Amino acid sequence: MAYTYGVTHGSVLKLSGDILFQAECYHYLFDAAIKLHHLGLDWSTPDHGPIQNVKGFSSINSMIKRVATKAGTVDSNFKLQPYPRCVVLDIEGTTTPISFLTDVHFPYARDNVGRHLSATYNSAETQDDIKLLRSQVEDDLKQGVLGAVPIPSEDAGKEEVIASLVANVEAMIKADRKITALKQLQGHIWRTGFENNELEGVVFDDVPEALEKWHALGIKVYIYSSGSRLAQRLIFGNTNYGDLRKYLSGFFDTAVGYKRETRSYVEITESLGVDKPSDILFVTDVYQEATAAKAAGLEVVISIRSGNGPLPENHGFKTINSFLEI
C-alpha cells in the first residue's frame, strides 16, 4: 500500500470524507436553526420550545455572529451576503467632509499659486506644470472659455508670466474645472503645504476602522477622485488619524475618465482584473456618479454625510451614514 508522509491513502480519503461530512452537518444545523427561528422556536433547547433567553445564546443572532466568516455577513433575513472583492471610494463627501475641501484644501491651493510658482519657477517640475497650463489656456482661448487670459512668452519675464498663470488658475478653480493641468499644479502646491505642516488631511471617524476591517478581510480598497493621485496620497498619508495608505491598494484620477461617465468605471473594472463588475463596490455621495457606476455593472451605495447635497427622490440606491454599515 502506498504511503504519503507515513499516512495511508486510505486514511487520507477517510479523513477527507469525515471533514466533508462534518461541514455538511454544520450547514444542515445552521439551516435548521434558521428555520426554527422563523417558526418562533428556540433551536438551542432539546424540545425546541418558544424562543427565550438561554445561557450562552440570547437569540439566533448570537449564532449568526459566530458563523459569520470572511466570505460575507448575514443580513436581517439570515441570508449570506458576500463581501465585495474590491471597494472603490470617492473622497469629497464620502471619506472626507466637504467642508475640509471647500474651506481648507482648495483655498490653500488657490491662495498659494503665486508663492509656489515664484519659489519653484526654475524647477523641471514647475516648468512642466507651466507647459501644461499654457496648452490648456491656448485651447480655452480658442473656445472662448470665461476667465482665460493669454500667457505671455518667457521673454516677457518671470513676474508677468506668473501673474497671468495665477489669473488663469484662479478662474479654473472658481469654475471647479476637472482638468489635468489644474489638478497637477494643485497637487504640487498641496505637497508643499503638507511638508510644511500647514495642512492635515481629514477623514470621518468611521473611515480608519472600516479600512482596517476591510484590509484584514483581504478586500482591496481603492480611491477614485477628481483630484490628482498625488493629492489623494497626500490626504490619506497625512490624516487626523495618521497615515492610512497602508490600507489602500491604489488611486484613480481623471486619467481614467470623468467620474460621471460610465466608461470611467469600465476602465477601472478592467484595471482591477475582477471576474465581473459587480465584484466592485463603489461608494460616492454624488447621484450622477452612482448612476454612471451602476451602468457599468458595479455595486453602488451612496454616502450620506453632514454637508452633502440632496439626492433626487426615489433615487433607487442603498444609502449609508457610516462605512461600518457596509
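The charged end of R305 sits over the ring of F204, 4.1 Å from the ring centre. A charge counts as over a ring if NZ of Lys or CZ of Arg is within 6 Å of the ring centre and within 35 degrees of the ring normal. K294 likewise lies over the face of F317, at 5.4 Å from the ring centre. The model is predicted: local features need pLDDT of at least 70, side-chain atom pairs count only at pLDDT 80 or more, and totals for chains, interfaces and linings use all residues. Residues are numbered from 1 along each chain as its sequence is written, and side-chain values use heavy atoms, with hydrogens and water left out.

Rings of Phe, Tyr and Trp (its six-membered ring) pair if their centres lie within 6.5 Å; planes under 30 degrees apart are stacked, over 60 edge-to-face, and the rest tilted. F106 is in helix α3 and W190 in helix α7, 84 residues apart. Helices (H or I, at least four residues) and strands (E, at least two) are DSSP runs, numbered from the N terminus. W190 is buried, with a relative accessible area of 2%, whereas F106 is partly exposed at 22%. Buried means under 20% relative accessible area, exposed over 50%, and partly exposed in between (1.4 Å probe, protein chains only). The rings of Y287 and F317 have centres 6.1 Å apart and planes at 75°, so they are edge-to-face. F317 is buried at 12% relative accessibility; Y287 is partly exposed at 28%. Ring pairs also link Y224, Y265 and F282 into a cluster.

Y265 belongs to helix α10 (residues 262-272), where the buried residues are S264, Y265, I268, T269 and L272. They fall within an arc of 140° seen down the axis of α10, so they line one face of the helix. The arc is that of the directions from the helix axis to the C-beta atoms. Their cover includes β5 (86-89), β6 (220-224) and α11 (287-295). G273 follows α10, with a positive phi near 70°.

The largest nonpolar core has 26 residues. Such a core is a set of buried Ala, Val, Leu, Ile, Met, Phe, Trp, Tyr and Cys residues joined through side-chain atoms within 4.5 Å. Helix α6 gives the most to this core, with seven residues. A second, separate core of 25 residues includes V207, L211, L244 and I320.

Methods:
Contact means heavy atoms within 4.5 Å.
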